[in-house]
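This report covers aromatic pairs and helix packing in one model. The sequence and structure come first.

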Amino acid sequence: MTNAERPLAISAPEPRKLDLIFSDRARAELHAKYEVVEADPENIAGLGDEILGRARYIIGQPPLSAETLARMPVLRAILNVESNLLNNMPYDVLFKRGIHVVTTGQVFAEPVAEIGLGFALALARGIVDADVDFRHGSELWGGEGNASARLIAGSEIGIVGFGDLGKALRRVLSGFRARIRVFDPWLPRSILEENGVEPASLEDVLTKSDFVFVVAAVTSENRGFLGAEAFASMRKGAAFILLSRADVVDFDALMAAVSSGHIVAASDVYPEEPLPPDHPVRGLKGFIRSAHRAGALDSAFKKMGDMVLEDMDLMDRGLPPMRCKRAERETVSRMRSKPVAVN
């Protein structure tokens, strides 16, 4: 099949690379079925009308103007291979033209949920501090080392946000016989109840939980909505586990709540990444730190490529995308997550 016969796909997946998200087999399939034009995401307009006029797909989420989109008459979909949706293109134009905007971010749900469970276990049983003490020869044996330990089993758990990650978290917690309350103002009660969780207010999630997991996306309405007052309302000794984006919390207030001994915490995300060497969270006792690695498994990245290929095949046959998650016109422009750098 010649280039003129193959559909054209513009590849602009920054900060990812094609060899990260496509296995060798999948990348060979991509190039066999499509003419792939690799592009600078900041200069899609510079590709010229010959390429833009034939582009059926964009892999990535480069900034796009209405003028550039007008030069792309056969564009069918923008396949976002990040976990977030940036407000960097005219979504009203895309929806009006019936151009799909889809994301592969759900591939991270299960890996992130599993590490969230690991954080909860580590905080509940003091695993990290016990290991450090053992290394230094200051360990406490038996019951003496469990003065603040507690069980997840039979506990009260709160989840803030209940998208793909929230649902995956509920699944990994299902064996602990915990009472799980969820706050998500974008979902009706019935969806939460059908997933086996209890709809609750944010106040109840914070004040009645032994463990609070925050998995909410950052939107124009919720930046920094969890601050000093929220942390003060939590049970003394409760665990706060941040898994989505740091912008939903007042991070200084979170560190202060941990420093005071009121709560313990774990986070995989930070206001600035990478963190400066002298950032105070690095030495904060009662805080477990992870360098935005919760979902960054090769198996998850490669699943992205498979999902993209499956949906492109569906759309080639005149069918809607089914594997990736479609952006919704009512909410997509509210998203405010920052892109994540990939080494």
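F240 is buried, at a relative accessible area of 0%, and F231 is buried too, at 1%; buried means under 20% relative accessible area, with a 1.4 Å probe and protein chains only. The model is predicted, so local features need pLDDT of at least 70 and side-chain atom pairs count only at pLDDT 80 or more, while totals for chains, interfaces and linings use all residues. Residues are numbered from 1 along each chain as its sequence is written, and side-chain values use heavy atoms, with hydrogens and water left out.

The structure holds six aromatic pairs. Rings of Phe, Tyr and Trp (its six-membered ring) pair if their centres lie within 6.5 Å, and planes over 60 degrees apart count as edge-to-face. One of the pairs is F108 with F301, which is edge-to-face at 5.8 Å centre to centre and 85° between the planes. F108 lies in the loop between β5 (100-103) and α6 (109-125) and F301 in helix α13 (residues 298-316), so this pair ties together parts that are 193 residues apart in sequence. Helices (H or I, at least four residues) and strands (E, at least two) are DSSP runs, numbered from the N terminus. F108 counts as buried at 10% relative accessibility, and F301 counts as buried at 8%. F231 and F240 also form an edge-to-face pair, with 5.1 Å centre to centre and 90° between the planes. F251, Y270 and F287 form one aromatic cluster.

Axes are lines fitted to C-alpha atoms over the stretch in contact, and angles run from 0 to 180 degrees between N-to-C directions.

| Helices | Angle | Axis distance |
|---|---|---|
| α6 and α8 (residues 164-173) | about 50° | 8 Å |
| α2 (residues 24-33) and α13 | about 30° | 10 Å |

α2 and α13 are therefore roughly parallel to each other, as angles under 35 degrees count as roughly parallel, over 145 as roughly antiparallel, 65 to 115 as roughly perpendicular and the rest as oblique. α6 and α8 are oblique to each other.

Contact means heavy atoms within 4.5 Å. In α6, A109, E110, V112, A113, E114 and L117 meet D164, L165, A168, L169, V172 and L173 of α8. The residues of that contact divide into nine nonpolar, no polar and three charged; Ala, Val, Leu, Ile, Met, Phe, Trp, Tyr, Cys and Pro count as nonpolar, Asp, Glu, Lys and Arg as charged, and the others, Gly among them, as polar. In α2, R25, A26, E29, L30 and K33 meet D306, L309, M312 and D313 of α13. By class, the contact of α2 with α13 has four nonpolar, no polar and five charged residues.

Conventions
Rings of Phe, Tyr and Trp (its six-membered ring) pair if their centres lie within 6.5 Å; planes under 30 degrees apart count as stacked, over 60 as edge-to-face and the rest as tilted. Buried means under 20% relative accessible area, exposed over 50%, partly exposed in between (1.4 Å probe, protein chains only).
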